[in-house]
Amino acid sequence: MSDVRPICIIVAGVHRSGTSLLTGVLSLLGAQPPKTMVAAAKFNLKGFWEPLEILRLNETIFDELHTNWEDWRAIDFRSWSVERRAFYKTEIKRLIAEDYPDAQLFVLKEPRLTRLIPLYHEALTEMGVKVVYALSLRAPDEVVGSIRAANPLKSKNGAYLLWLRYVLDFELETRSHTRIFVPFVNLLQNWKSVCQNIAEALGVTLNFDDALAIEKLNAFISSDLVHNKSVVKNIPKDSGPETWAERVYQLLFERQFHRTTPADCDILDEIRTEFESNWPNYAKDSEASRLYQRNLWEKLKRELKRAVLRCFAR
């Protein structure tokens, strides 16, 4: 019997890693995007392609867990009661139903979700949705350059640690699920070949015969999307965030559309252990705390602005 469940492609990855590009491409090829999306901005003129209300929900979840998108420290889900977990799953289900009504194939992207995969996987599975995953894999030095261009307060080591946290969390949490690693550079160079491989690996049907969509895609994908380009280099010999990130990137880049082997997982687990044990030697905990406080202040300002606008609208 064929599987007739709706399919959700979760596009994962750290901020500035090409998740918007990948989500936009999949949307133009037939995967339904959310009804209400975050507006384009200075650092993403072609759009984020992410659901506004789910972004707000994820911000609320992060606040409750005393973290933010720039925090590379592990999230402690043990602080949640069964009731809180159930509450947030109910919220996820409600927002998915509102943003993707009657969708048979839809794409869901919001970078914070990369660190909330168990919660979203449970909620979507309980809705009767088949969940598959695509990680936008961009070279860590490009991501680091892009993050630091947008936020000079972020240290170089802190940005590498952030890349590692998102990628390693994704890799661990999706090992038993259908997934694919999509190199950002390959998508830019040959989007059609990459998307054909995505469709085959994830078991989804994408529309490559829509001439108008293809025309839009060719206009959508351009080299001016890349503001920080990687240079070819060998893995640094010393240990540390840059070395760990380069090792992870090269391993996953080589796998791309193939399953990771037990030997690969052993290597990734070894890097994860080294990362978890030694990151305080490379970036101060106070930096993550300072960034958390700054993000909290920015959120309070946004909420105050929305409250003022609501008052004037009455």
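Guide: At 14% relative accessibility, Glu59 counts as buried, where buried means under 20% relative accessible area, exposed means over 50%, and partly exposed is in between (1.4 Å probe, protein chains only). This is a predicted model, in which local features need pLDDT of at least 70 and side-chain atom pairs count only at pLDDT 80 or more, while totals for chains, interfaces and linings use all residues. Residues are numbered from 1 along each chain as its sequence is written, and side-chain values use heavy atoms, with hydrogens and water left out.

The side chain of Glu59 meets that of Arg112 in a salt bridge, 3.7 Å from N to O. The term salt bridge stands for a side-chain nitrogen of Lys or Arg within 4 Å of a carboxyl oxygen of Asp or Glu. This pair links distant parts of the chain: Glu59 is in helix 2, Arg112 is in the loop between strand 2 (105-109) and helix 4 (117-126), and 53 residues separate the two. Helices (H or I, at least four residues) and strands (E, at least two) are DSSP runs, numbered from the N terminus.

Arg112 is itself buried, because its relative accessible area is 10%. Arg112 also forms a salt bridge with Glu110, and here the closest N and O atoms are 2.4 Å apart. Both Arg112 and Glu110 are buried.

The structure holds 24 salt bridges. One of them joins Asp264 and Arg255, with the closest N and O atoms 2.4 Å apart. Asp264 has a relative accessible area of 5%, so Asp264 is buried; Arg255, at 22% relative accessibility, counts as partly exposed. Elsewhere, salt bridges that share partners join Arg85, Lys89, Lys93, Glu122 and Glu126 into one network.

Charged groups also meet rings. The charged end of Arg115 sits over the ring of Tyr166, 5.9 Å from its centre; the rule asks for NZ of Lys or CZ of Arg within 6 Å of the ring centre and within 35 degrees of the ring normal.
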